[in-house]
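I opened this notebook to keep track of what I looked up in the structure, entry by entry. The model comes first, and my notes follow.

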Amino acid sequence: MIRLFQRMAGLPALARGAISALAGVLIAMGLPPYGLWPLAFIGFPLFLVLLETGKRQTWRSGFVLGWVFGLGYFAVALHWIGYAFFVQADTYLWMMPFMLGILSGGMAVYWALAAWLARRVGGTGLQLALTFASLLGLAEWLRGHLFTGFPWAAPGLLVDGMGGVAQAASVIGMTGLTLLVVLWASLPYVFLTADRPRPKLAAAAILLLLPVLWGWGEMRLMGASDAMVPGVAIRIVQPNLPQEEKWREENARQIFGDLEQMSSMPTPDRPEGIGGITHVIWPESAVPFLIDESPVAKSELKPLLGGRTALVTGAVRLDRKGEGEAPDAHNSIIVFDGNAEPVARYDKWRLVPGGEFLPLAWALEPLGFQQVVQTPGSFVPGPGPRTVTLPGGLRAGLTVCYEAIFPDRLVDESDRPQVIINVTNDGWFGRSTGPWQHLAQARLRSIEQGLPLIRAANTGISAVIDPYGRTVRMLPLLEKGVVDSPLPEALPATLYARIGDFWLLLLTVIAVICAIRARKTIYS
(Lines give C-alpha, C1' and ligand atoms only; values in the text may rest on other atoms or scores of the structure.)
Protein backbone atom coordinates (compact mmCIF):
# COMPACT_ATOMS: atom_id res chain seq x y z
CA MET A 1 0.00 0.00 0.00
CA ILE A 2 2.92 2.33 0.68
CA ARG A 3 4.12 1.66 -2.86
CA LEU A 4 0.67 2.55 -4.21
CA PHE A 5 0.74 5.86 -2.33
CA GLN A 6 4.23 6.60 -3.59
CA ARG A 7 3.16 5.93 -7.16
CA MET A 8 0.03 8.07 -6.86
CA ALA A 9 2.03 10.88 -5.27
CA GLY A 10 4.60 10.73 -8.03
CA LEU A 11 2.12 10.97 -10.90
CA PRO A 12 2.13 14.18 -12.96
CA ALA A 13 -0.79 16.56 -12.47
CA LEU A 14 -2.39 15.62 -15.81
CA ALA A 15 -2.43 11.92 -14.95
CA ARG A 16 -3.88 12.61 -11.49
CA GLY A 17 -6.60 14.72 -13.09
CA ALA A 18 -7.43 11.97 -15.59
CA ILE A 19 -7.70 9.36 -12.82
CA SER A 20 -9.88 11.72 -10.78
CA ALA A 21 -12.23 12.21 -13.74
CA LEU A 22 -12.33 8.43 -14.26
CA ALA A 23 -13.31 8.00 -10.61
CA GLY A 24 -16.26 10.35 -11.18
CA VAL A 25 -17.29 8.43 -14.30
CA LEU A 26 -17.29 5.15 -12.35
CA ILE A 27 -19.63 6.58 -9.73
CA ALA A 28 -22.01 7.95 -12.39
CA MET A 29 -22.36 4.45 -13.82
CA GLY A 30 -24.21 3.55 -10.60
CA LEU A 31 -27.12 5.80 -11.61
CA PRO A 32 -30.19 4.48 -13.44
CA PRO A 33 -30.59 2.82 -15.83
CA TYR A 34 -27.19 1.14 -15.45
CA GLY A 35 -27.44 0.61 -11.69
CA LEU A 36 -23.76 -0.39 -11.30
CA TRP A 37 -23.63 1.06 -7.79
CA PRO A 38 -20.72 -1.18 -6.59
CA LEU A 39 -18.47 0.92 -8.87
CA ALA A 40 -18.92 3.78 -6.38
CA PHE A 41 -16.94 1.65 -3.91
CA ILE A 42 -14.04 2.00 -6.34
CA GLY A 43 -14.57 5.60 -7.47
CA PHE A 44 -14.74 7.32 -4.08
CA PRO A 45 -11.72 5.48 -2.55
CA LEU A 46 -9.69 6.21 -5.69
CA PHE A 47 -10.45 9.91 -5.40
CA LEU A 48 -9.65 10.03 -1.68
CA VAL A 49 -6.25 8.45 -2.31
CA LEU A 50 -5.59 11.17 -4.87
CA LEU A 51 -6.83 13.84 -2.47
CA GLU A 52 -4.57 12.62 0.32
CA THR A 53 -1.44 12.20 -1.79
CA GLY A 54 0.34 14.63 -4.06
CA LYS A 55 3.43 16.73 -4.24
CA ARG A 56 1.59 20.01 -3.68
CA GLN A 57 -0.66 19.87 -0.64
CA THR A 58 -2.36 23.18 -1.40
CA TRP A 59 -5.98 24.27 -1.47
CA ARG A 60 -5.69 24.87 -5.21
CA SER A 61 -4.75 21.28 -5.96
CA GLY A 62 -7.62 20.05 -3.78
CA PHE A 63 -10.11 22.35 -5.51
CA VAL A 64 -8.95 21.45 -9.03
CA LEU A 65 -8.84 17.73 -8.23
CA GLY A 66 -12.38 17.90 -6.81
CA TRP A 67 -13.61 19.88 -9.80
CA VAL A 68 -12.25 17.34 -12.29
CA PHE A 69 -13.75 14.56 -10.16
CA GLY A 70 -17.16 16.23 -10.29
CA LEU A 71 -16.78 17.01 -13.98
CA GLY A 72 -16.31 13.31 -14.77
CA TYR A 73 -19.39 12.47 -12.72
CA PHE A 74 -21.70 15.13 -14.14
CA ALA A 75 -20.51 14.76 -17.74
CA VAL A 76 -21.84 11.19 -17.65
CA ALA A 77 -24.82 11.81 -15.35
CA LEU A 78 -26.13 14.76 -17.41
CA HIS A 79 -25.05 13.85 -20.94
CA TRP A 80 -28.67 13.05 -21.88
CA ILE A 81 -29.46 16.79 -21.91
CA GLY A 82 -27.52 17.02 -25.15
CA TYR A 83 -30.27 15.08 -26.94
CA ALA A 84 -32.59 18.10 -26.65
CA PHE A 85 -30.36 20.18 -28.92
CA PHE A 86 -30.87 17.73 -31.80
CA VAL A 87 -34.63 18.35 -31.94
CA GLN A 88 -34.16 21.57 -33.95
CA ALA A 89 -30.53 21.02 -34.76
CA ASP A 90 -30.25 23.88 -37.25
CA THR A 91 -31.18 26.35 -34.48
CA TYR A 92 -29.84 24.83 -31.27
CA LEU A 93 -27.11 22.28 -31.96
CA TRP A 94 -24.27 24.81 -31.88
CA MET A 95 -25.27 25.66 -28.29
CA MET A 96 -24.92 22.07 -27.03
CA PRO A 97 -21.19 21.94 -26.10
CA PHE A 98 -21.40 25.34 -24.41
CA MET A 99 -24.53 24.56 -22.39
CA LEU A 100 -23.42 21.05 -21.38
CA GLY A 101 -19.95 22.30 -20.52
CA ILE A 102 -21.28 25.16 -18.42
CA LEU A 103 -23.81 22.93 -16.65
CA SER A 104 -21.44 20.04 -15.89
CA GLY A 105 -18.62 22.39 -14.95
CA GLY A 106 -20.91 24.48 -12.77
CA MET A 107 -22.27 21.47 -10.90
CA ALA A 108 -18.69 20.22 -10.41
CA VAL A 109 -17.84 23.41 -8.49
CA TYR A 110 -19.87 22.09 -5.54
CA TRP A 111 -17.74 18.93 -5.45
CA ALA A 112 -14.61 21.05 -5.81
CA LEU A 113 -15.57 23.10 -2.75
CA ALA A 114 -16.17 19.93 -0.72
CA ALA A 115 -12.74 18.57 -1.73
CA TRP A 116 -11.05 21.90 -1.00
CA LEU A 117 -12.56 22.11 2.49
CA ALA A 118 -11.69 18.48 3.19
CA ARG A 119 -8.10 19.23 2.22
CA ARG A 120 -8.08 22.35 4.43
CA VAL A 121 -9.38 20.41 7.40
CA GLY A 122 -6.62 17.89 6.83
CA GLY A 123 -6.37 14.38 8.19
CA THR A 124 -6.18 10.98 6.58
CA GLY A 125 -7.96 7.65 6.66
CA LEU A 126 -11.24 7.55 8.54
CA GLN A 127 -11.14 11.24 9.37
CA LEU A 128 -10.80 12.21 5.72
CA ALA A 129 -13.60 9.81 4.68
CA LEU A 130 -15.97 11.22 7.32
CA THR A 131 -15.07 14.82 6.57
CA PHE A 132 -15.42 14.48 2.82
CA ALA A 133 -18.75 12.60 3.06
CA SER A 134 -20.28 15.23 5.33
CA LEU A 135 -18.98 18.11 3.19
CA LEU A 136 -20.17 16.53 -0.06
CA GLY A 137 -23.57 15.87 1.52
CA LEU A 138 -23.83 19.58 2.38
CA ALA A 139 -22.55 20.58 -1.06
CA GLU A 140 -25.25 18.46 -2.69
CA TRP A 141 -27.89 20.08 -0.48
CA LEU A 142 -26.65 23.49 -1.65
CA ARG A 143 -26.71 22.32 -5.26
CA GLY A 144 -30.40 21.57 -4.83
CA HIS A 145 -31.19 25.03 -3.45
CA LEU A 146 -28.87 27.76 -4.75
CA PHE A 147 -29.59 29.62 -8.01
CA THR A 148 -33.03 27.94 -8.41
CA GLY A 149 -31.44 24.58 -7.49
CA PHE A 150 -30.71 21.54 -9.65
CA PRO A 151 -30.49 18.37 -7.53
CA TRP A 152 -30.60 16.03 -10.54
CA ALA A 153 -28.46 12.88 -10.12
CA ALA A 154 -27.44 13.33 -6.49
CA PRO A 155 -25.31 10.37 -5.33
CA GLY A 156 -28.22 9.33 -3.13
CA LEU A 157 -30.00 8.25 -6.33
CA LEU A 158 -27.69 5.22 -6.43
CA VAL A 159 -30.09 3.57 -3.96
CA ASP A 160 -32.52 3.04 -6.85
CA GLY A 161 -30.53 -0.12 -7.55
CA MET A 162 -29.94 -1.04 -3.91
CA GLY A 163 -33.19 -2.78 -3.05
CA GLY A 164 -34.49 -2.11 0.44
CA VAL A 165 -31.97 0.68 1.14
CA ALA A 166 -34.21 3.07 -0.82
CA GLN A 167 -36.88 2.72 1.90
CA ALA A 168 -34.65 4.79 4.19
CA ALA A 169 -35.76 7.78 2.09
CA SER A 170 -38.97 7.72 4.15
CA VAL A 171 -36.85 8.70 7.15
CA ILE A 172 -33.82 10.67 5.93
CA GLY A 173 -34.74 11.54 2.34
CA MET A 174 -32.46 11.61 -0.66
CA THR A 175 -30.25 14.23 1.00
CA GLY A 176 -29.51 12.00 3.97
CA LEU A 177 -29.02 9.01 1.70
CA THR A 178 -26.48 11.02 -0.31
CA LEU A 179 -24.30 11.50 2.76
CA LEU A 180 -24.57 7.82 3.73
CA VAL A 181 -23.89 6.51 0.21
CA VAL A 182 -20.78 8.68 -0.12
CA LEU A 183 -19.58 7.59 3.32
CA TRP A 184 -20.20 3.88 2.75
CA ALA A 185 -18.55 3.96 -0.68
CA SER A 186 -15.52 5.80 0.77
CA LEU A 187 -14.79 3.24 3.49
CA PRO A 188 -12.69 0.85 1.35
CA TYR A 189 -10.18 3.71 1.29
CA VAL A 190 -9.92 3.38 5.09
CA PHE A 191 -9.41 -0.38 4.93
CA LEU A 192 -6.66 0.08 2.35
CA THR A 193 -4.79 2.92 4.05
CA ALA A 194 -5.20 2.52 7.82
CA ASP A 195 -2.17 0.99 9.53
CA ARG A 196 -3.91 0.50 12.88
CA PRO A 197 -6.85 -1.77 13.72
CA ARG A 198 -9.05 0.80 15.48
CA PRO A 199 -9.92 2.90 12.37
CA LYS A 200 -10.65 -0.30 10.46
CA LEU A 201 -12.99 -1.51 13.18
CA ALA A 202 -14.78 1.85 13.23
CA ALA A 203 -15.12 1.78 9.44
CA ALA A 204 -16.49 -1.76 9.59
CA ALA A 205 -19.09 -0.66 12.16
CA ILE A 206 -20.23 2.20 9.90
CA LEU A 207 -20.34 -0.09 6.87
CA LEU A 208 -22.46 -2.56 8.83
CA LEU A 209 -25.23 0.03 8.74
CA LEU A 210 -25.65 -0.69 5.01
CA PRO A 211 -26.90 -4.31 5.32
CA VAL A 212 -28.88 -3.34 8.41
CA LEU A 213 -30.75 -0.62 6.50
CA TRP A 214 -31.13 -2.91 3.51
CA GLY A 215 -32.72 -5.59 5.69
CA TRP A 216 -34.97 -3.06 7.41
CA GLY A 217 -36.13 -1.80 4.02
CA GLU A 218 -36.93 -5.29 2.79
CA MET A 219 -38.95 -5.94 5.96
CA ARG A 220 -40.82 -2.68 5.40
CA LEU A 221 -41.70 -3.82 1.89
CA MET A 222 -42.81 -7.26 3.14
CA GLY A 223 -45.31 -5.56 5.43
CA ALA A 224 -46.44 -3.04 2.80
CA SER A 225 -50.14 -2.60 2.19
CA ASP A 226 -51.68 -3.15 -1.25
CA ALA A 227 -54.84 -1.18 -0.43
CA MET A 228 -56.39 0.90 -3.21
CA VAL A 229 -58.60 4.00 -3.06
CA PRO A 230 -62.19 2.82 -3.62
CA GLY A 231 -64.04 4.23 -6.60
CA VAL A 232 -60.98 5.66 -8.37
CA ALA A 233 -59.77 4.30 -11.72
CA ILE A 234 -56.94 6.05 -13.53
CA ARG A 235 -56.08 6.07 -17.22
CA ILE A 236 -52.72 7.56 -18.26
CA VAL A 237 -52.39 8.38 -21.96
CA GLN A 238 -48.90 8.10 -23.47
CA PRO A 239 -49.12 9.36 -27.08
CA ASN A 240 -45.40 8.85 -27.84
CA LEU A 241 -45.35 11.92 -30.07
CA PRO A 242 -41.89 12.78 -31.49
CA GLN A 243 -40.75 16.14 -30.19
CA GLU A 244 -40.04 17.50 -33.67
CA GLU A 245 -43.71 16.86 -34.59
CA LYS A 246 -45.27 18.10 -31.37
CA TRP A 247 -45.46 21.86 -31.93
CA ARG A 248 -46.27 21.95 -35.64
CA GLU A 249 -49.55 23.79 -36.14
CA GLU A 250 -50.61 21.52 -38.98
CA ASN A 251 -50.44 18.52 -36.61
CA ALA A 252 -52.82 19.94 -34.01
CA ARG A 253 -55.94 18.15 -35.31
CA GLN A 254 -54.17 14.78 -35.52
CA ILE A 255 -52.59 15.13 -32.07
CA PHE A 256 -55.87 16.04 -30.38
CA GLY A 257 -57.72 13.27 -32.21
CA ASP A 258 -55.15 10.67 -31.13
CA LEU A 259 -55.44 11.75 -27.50
CA GLU A 260 -59.23 11.52 -27.68
CA GLN A 261 -59.11 8.10 -29.33
CA MET A 262 -56.62 6.72 -26.79
CA SER A 263 -58.65 8.14 -23.91
CA SER A 264 -61.76 6.28 -25.04
CA MET A 265 -60.19 3.06 -26.31
CA PRO A 266 -61.08 -0.26 -24.66
CA THR A 267 -58.29 -2.40 -23.24
CA PRO A 268 -58.18 -6.07 -22.20
CA ASP A 269 -58.42 -4.97 -18.56
CA ARG A 270 -61.22 -2.50 -19.26
CA PRO A 271 -63.31 -3.54 -22.29
CA GLU A 272 -65.88 -0.83 -21.64
CA GLY A 273 -63.28 1.85 -22.49
CA ILE A 274 -63.54 5.20 -20.73
CA GLY A 275 -66.87 4.27 -19.17
CA GLY A 276 -65.30 2.93 -15.98
CA ILE A 277 -62.49 5.47 -15.76
CA THR A 278 -62.81 8.28 -13.23
CA HIS A 279 -59.69 10.30 -14.15
CA VAL A 280 -57.81 10.54 -17.45
CA ILE A 281 -54.29 11.99 -17.31
CA TRP A 282 -52.60 13.54 -20.36
CA PRO A 283 -48.89 14.50 -20.34
CA GLU A 284 -47.19 17.88 -20.17
CA SER A 285 -48.28 20.42 -22.84
CA ALA A 286 -50.31 17.63 -24.42
CA VAL A 287 -51.69 19.64 -27.36
CA PRO A 288 -50.07 22.38 -29.49
CA PHE A 289 -52.84 24.92 -28.89
CA LEU A 290 -54.48 26.70 -25.97
CA ILE A 291 -56.93 24.00 -24.92
CA ASP A 292 -58.68 26.15 -22.32
CA GLU A 293 -59.47 28.80 -24.95
CA SER A 294 -60.65 26.41 -27.68
CA PRO A 295 -64.44 26.04 -28.16
CA VAL A 296 -63.79 23.14 -30.54
CA ALA A 297 -61.82 21.27 -27.89
CA LYS A 298 -64.60 21.84 -25.34
CA SER A 299 -67.30 20.64 -27.72
CA GLU A 300 -65.38 17.41 -28.39
CA LEU A 301 -64.28 16.78 -24.81
CA LYS A 302 -67.81 17.04 -23.42
CA PRO A 303 -69.18 13.86 -25.05
CA LEU A 304 -65.84 12.12 -24.49
CA LEU A 305 -65.91 12.72 -20.74
CA GLY A 306 -69.61 11.96 -20.60
CA GLY A 307 -70.36 13.91 -17.42
CA ARG A 308 -68.50 11.29 -15.38
CA THR A 309 -64.78 11.37 -16.15
CA ALA A 310 -62.35 14.14 -15.20
CA LEU A 311 -59.47 15.12 -17.48
CA VAL A 312 -56.16 16.27 -15.97
CA THR A 313 -53.90 17.58 -18.71
CA GLY A 314 -50.65 19.43 -19.08
CA ALA A 315 -51.16 22.59 -21.13
CA VAL A 316 -49.61 25.90 -22.00
CA ARG A 317 -51.91 28.72 -20.99
CA LEU A 318 -51.67 32.50 -21.27
CA ASP A 319 -52.42 35.35 -18.89
CA ARG A 320 -53.33 38.07 -21.32
CA LYS A 321 -52.52 41.70 -20.54
CA GLY A 322 -53.43 44.98 -22.14
CA GLU A 323 -53.37 45.65 -25.86
CA GLY A 324 -49.86 45.61 -27.28
CA GLU A 325 -48.38 43.81 -24.28
CA ALA A 326 -46.95 40.31 -24.53
CA PRO A 327 -48.93 37.80 -22.45
CA ASP A 328 -47.43 35.79 -19.60
CA ALA A 329 -47.16 32.11 -20.47
CA HIS A 330 -47.55 29.34 -17.91
CA ASN A 331 -46.59 25.70 -18.13
CA SER A 332 -49.72 24.46 -16.42
CA ILE A 333 -51.96 21.58 -15.50
CA ILE A 334 -55.64 22.20 -16.22
CA VAL A 335 -58.42 20.06 -14.71
CA PHE A 336 -61.66 19.61 -16.68
CA ASP A 337 -64.76 18.11 -15.09
CA GLY A 338 -67.09 15.64 -16.81
CA ASN A 339 -68.78 18.49 -18.68
CA ALA A 340 -65.44 19.72 -20.06
CA GLU A 341 -65.46 22.79 -17.84
CA PRO A 342 -62.07 23.89 -16.46
CA VAL A 343 -62.47 23.65 -12.68
CA ALA A 344 -58.89 23.91 -11.40
CA ARG A 345 -55.42 24.68 -12.57
CA TYR A 346 -51.83 24.61 -11.37
CA ASP A 347 -48.96 26.69 -12.75
CA LYS A 348 -45.46 25.27 -12.70
CA TRP A 349 -43.29 27.33 -10.37
CA ARG A 350 -39.87 25.71 -10.84
CA LEU A 351 -38.91 26.66 -14.38
CA VAL A 352 -36.14 24.82 -16.24
CA PRO A 353 -33.02 27.00 -16.73
CA GLY A 354 -32.17 27.14 -20.42
CA GLY A 355 -35.46 25.49 -21.32
CA GLU A 356 -38.22 27.76 -20.04
CA PHE A 357 -36.05 30.75 -19.20
CA LEU A 358 -32.51 31.81 -20.05
CA PRO A 359 -30.28 32.61 -17.06
CA LEU A 360 -28.23 35.77 -17.54
CA ALA A 361 -30.31 36.55 -20.61
CA TRP A 362 -28.94 40.10 -20.71
CA ALA A 363 -25.49 38.69 -21.42
CA LEU A 364 -26.30 35.51 -23.39
CA GLU A 365 -29.02 36.70 -25.78
CA PRO A 366 -26.68 39.15 -27.60
CA LEU A 367 -24.38 36.14 -28.23
CA GLY A 368 -27.19 34.21 -29.92
CA PHE A 369 -28.28 31.98 -27.01
CA GLN A 370 -31.99 31.46 -26.46
CA GLN A 371 -34.27 29.30 -24.36
CA VAL A 372 -35.14 25.99 -26.00
CA VAL A 373 -38.93 26.18 -25.45
CA GLN A 374 -40.42 29.12 -27.35
CA THR A 375 -43.91 30.47 -26.52
CA PRO A 376 -46.08 33.45 -27.54
CA GLY A 377 -45.03 35.13 -24.28
CA SER A 378 -42.43 34.69 -21.59
CA PHE A 379 -42.80 31.79 -19.19
CA VAL A 380 -43.71 33.01 -15.72
CA PRO A 381 -43.48 30.84 -12.58
CA GLY A 382 -46.56 30.01 -10.56
CA PRO A 383 -46.98 30.78 -6.84
CA GLY A 384 -45.76 27.43 -5.50
CA PRO A 385 -47.02 24.00 -4.48
CA ARG A 386 -50.72 23.59 -3.86
CA THR A 387 -53.23 20.81 -3.36
CA VAL A 388 -56.08 20.71 -5.88
CA THR A 389 -59.35 18.90 -5.29
CA LEU A 390 -60.23 16.94 -8.43
CA PRO A 391 -63.78 16.04 -9.43
CA GLY A 392 -64.83 13.14 -7.25
CA GLY A 393 -63.11 14.64 -4.20
CA LEU A 394 -59.60 13.26 -4.80
CA ARG A 395 -56.97 15.66 -3.43
CA ALA A 396 -53.89 15.84 -5.64
CA GLY A 397 -50.53 17.57 -5.43
CA LEU A 398 -49.79 18.60 -9.01
CA THR A 399 -46.26 18.85 -10.44
CA VAL A 400 -44.90 19.50 -13.91
CA CYS A 401 -41.79 17.90 -15.38
CA TYR A 402 -38.62 18.28 -13.35
CA GLU A 403 -40.42 19.63 -10.27
CA ALA A 404 -40.49 15.96 -9.23
CA ILE A 405 -36.70 15.92 -8.74
CA PHE A 406 -36.89 18.32 -5.77
CA PRO A 407 -37.38 16.69 -2.35
CA ASP A 408 -38.30 19.97 -0.65
CA ARG A 409 -41.58 21.84 -1.23
CA LEU A 410 -42.88 19.08 -3.46
CA VAL A 411 -46.40 19.31 -2.04
CA ASP A 412 -48.32 21.73 0.15
CA GLU A 413 -47.39 20.54 3.63
CA SER A 414 -50.31 22.41 5.21
CA ASP A 415 -52.81 20.59 2.97
CA ARG A 416 -51.41 17.10 2.44
CA PRO A 417 -52.75 15.48 -0.76
CA GLN A 418 -53.75 11.86 -1.37
CA VAL A 419 -51.66 11.53 -4.52
CA ILE A 420 -48.91 13.28 -6.49
CA ILE A 421 -49.61 13.77 -10.19
CA ASN A 422 -46.58 14.50 -12.36
CA VAL A 423 -47.02 15.33 -16.04
CA THR A 424 -43.89 15.52 -18.15
CA ASN A 425 -42.53 15.50 -21.67
CA ASP A 426 -39.26 13.59 -21.89
CA GLY A 427 -39.60 13.42 -25.67
CA TRP A 428 -36.70 15.88 -25.89
CA PHE A 429 -34.32 13.18 -24.70
CA GLY A 430 -35.16 10.15 -26.85
CA ARG A 431 -33.82 6.78 -25.78
CA SER A 432 -31.27 8.25 -23.37
CA THR A 433 -30.65 7.76 -19.66
CA GLY A 434 -32.64 10.92 -18.83
CA PRO A 435 -36.15 9.42 -18.74
CA TRP A 436 -34.95 6.55 -16.53
CA GLN A 437 -33.28 8.91 -14.08
CA HIS A 438 -36.36 11.12 -14.08
CA LEU A 439 -38.58 8.15 -13.20
CA ALA A 440 -36.20 6.98 -10.45
CA GLN A 441 -36.23 10.41 -8.81
CA ALA A 442 -40.03 10.52 -8.93
CA ARG A 443 -40.06 7.09 -7.28
CA LEU A 444 -37.92 8.43 -4.43
CA ARG A 445 -40.40 11.28 -3.94
CA SER A 446 -43.14 8.69 -3.37
CA ILE A 447 -41.08 6.94 -0.69
CA GLU A 448 -40.10 10.23 0.96
CA GLN A 449 -43.66 11.49 1.17
CA GLY A 450 -45.51 8.20 1.63
CA LEU A 451 -47.76 9.16 -1.29
CA PRO A 452 -48.67 7.34 -4.51
CA LEU A 453 -47.56 9.02 -7.71
CA ILE A 454 -49.19 9.10 -11.14
CA ARG A 455 -46.71 9.92 -13.88
CA ALA A 456 -47.93 10.80 -17.39
CA ALA A 457 -45.07 11.19 -19.89
CA ASN A 458 -45.44 11.99 -23.58
CA THR A 459 -42.91 9.38 -24.75
CA GLY A 460 -42.60 7.52 -21.46
CA ILE A 461 -41.97 6.33 -18.94
CA SER A 462 -45.57 6.61 -17.67
CA ALA A 463 -46.33 4.79 -14.45
CA VAL A 464 -48.43 4.45 -11.33
CA ILE A 465 -46.19 4.16 -8.27
CA ASP A 466 -47.33 3.25 -4.76
CA PRO A 467 -46.17 5.06 -1.57
CA TYR A 468 -43.39 2.49 -1.09
CA GLY A 469 -41.92 3.28 -4.50
CA ARG A 470 -43.20 0.07 -6.07
CA THR A 471 -44.37 0.26 -9.68
CA VAL A 472 -48.03 -0.78 -9.90
CA ARG A 473 -48.39 -0.22 -13.67
CA MET A 474 -45.92 1.07 -16.25
CA LEU A 475 -45.71 1.71 -19.98
CA PRO A 476 -42.21 1.40 -21.48
CA LEU A 477 -40.19 4.20 -23.03
CA LEU A 478 -41.09 5.19 -26.62
CA GLU A 479 -44.23 3.05 -26.70
CA LYS A 480 -47.69 4.37 -27.56
CA GLY A 481 -50.56 3.26 -25.34
CA VAL A 482 -52.49 3.74 -22.13
CA VAL A 483 -52.00 2.68 -18.53
CA ASP A 484 -55.16 1.73 -16.63
CA SER A 485 -54.76 1.36 -12.91
CA PRO A 486 -56.44 1.70 -9.54
CA LEU A 487 -54.93 4.26 -7.20
CA PRO A 488 -52.89 3.02 -4.20
CA GLU A 489 -53.85 4.50 -0.86
CA ALA A 490 -51.52 7.03 0.74
CA LEU A 491 -49.63 6.33 3.96
CA PRO A 492 -49.62 8.63 6.97
CA ALA A 493 -47.01 11.37 6.61
CA THR A 494 -43.53 9.84 6.83
CA LEU A 495 -40.87 11.11 9.19
CA TYR A 496 -39.13 12.81 6.27
CA ALA A 497 -42.39 14.45 5.17
CA ARG A 498 -42.78 15.87 8.69
CA ILE A 499 -39.27 17.15 9.42
CA GLY A 500 -37.55 17.25 6.04
CA ASP A 501 -33.78 17.71 5.83
CA PHE A 502 -33.25 17.94 9.60
CA TRP A 503 -31.73 14.47 9.29
CA LEU A 504 -29.03 15.72 6.94
CA LEU A 505 -27.98 18.24 9.57
CA LEU A 506 -28.02 15.56 12.27
CA LEU A 507 -26.00 13.09 10.18
CA THR A 508 -23.52 15.82 9.33
CA VAL A 509 -23.01 16.68 13.00
CA ILE A 510 -22.52 12.99 13.84
CA ALA A 511 -20.01 12.59 11.00
CA VAL A 512 -18.06 15.66 12.12
CA ILE A 513 -17.95 14.43 15.73
CA CYS A 514 -16.72 11.04 14.54
CA ALA A 515 -14.09 12.72 12.36
CA ILE A 516 -12.81 14.68 15.37
CA ARG A 517 -12.66 11.54 17.46
CA ALA A 518 -10.89 9.72 14.63
CA ARG A 519 -8.28 12.48 14.49
CA LYS A 520 -7.68 12.24 18.23
CA THR A 521 -7.34 8.48 17.96
CA ILE A 522 -4.81 8.77 15.13
CA TYR A 523 -2.62 11.30 16.87
CA SER A 524 -2.94 10.06 20.43
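The model is a predicted one, in which local features need pLDDT of at least 70 and side-chain atom pairs count only at pLDDT 80 or more, while totals for chains, interfaces and linings use all residues. Residues are numbered from 1 along each chain as its sequence is written, and side-chain values use heavy atoms, with hydrogens and water left out.

**Entry 1: the whole chain.** I looked up the overall make-up and found 17 helices and 13 strands in the protein chain, where helices (H or I, at least four residues) and strands (E, at least two) are DSSP runs numbered from the N terminus. Of the 524 residues, 57% are buried. Taking contact to mean heavy atoms within 4.5 Å, I noted that among contacts with a separation of 6 or more, 71% are between residues 24 or more positions apart. The chain exposes about 21400 Å², and carbon and sulfur atoms supply 63% of that area, as given by the Shrake-Rupley method with a 1.4 Å probe, only the protein chains shown counting as cover for residues.

**Entry 2: aromatic rings.** Rings of Phe, Tyr and Trp (its six-membered ring) pair if their centres lie within 6.5 Å, and planes under 30 degrees apart count as stacked, over 60 as edge-to-face and the rest as tilted. By this rule I have 16 aromatic pairs. One of them is Trp80 with Trp152, a tilted pair at 4.5 Å centre to centre and 40° between the planes. Trp80 sits in the loop between α4 (59-77) and α5 (89-92), and Trp152 in the loop between α7 (125-143) and α8 (169-193), so that distant parts of the chain, 72 residues apart, are linked.

I then turned to Phe256 and Trp282, an edge-to-face pair at 6.2 Å centre to centre with 80° between the planes. Because Phe256 lies in helix α12 (residues 252-264) and Trp282 in strand β2 (residues 279-282), the pair ties together parts that are 26 residues apart in sequence. Both Phe256 and Trp282 are buried. I also wrote down one aromatic cluster, whose members include Phe44, Phe69, Trp111 and Phe132.

**Entry 3: Glu260.** Glu260 is found in helix α12, and I count it as buried because its relative accessibility is 12%. Leaving aside neighbours within four places in sequence, Glu260 is in contact with Arg253, Trp282, Glu300, Leu301 and Leu304.

**Entry 4: helix α10.** Which residues of α10 are buried? I found Leu210, Leu213, Gly217 and Arg220. Seen down the axis of α10, its buried residues fall within an arc of 90°, so they line one face of the helix; the arc is that of the directions from the helix axis to the C-beta atoms. Met219 and Met222 are exposed on the other side of α10. The cover over the buried residues of α10 includes α3 (40-52), α8, α9 (197-207) and α15 (434-449).

Key: Buried < 20%, exposed > 50% of the residue type's maximum accessible area, 1.4 Å probe, protein only.
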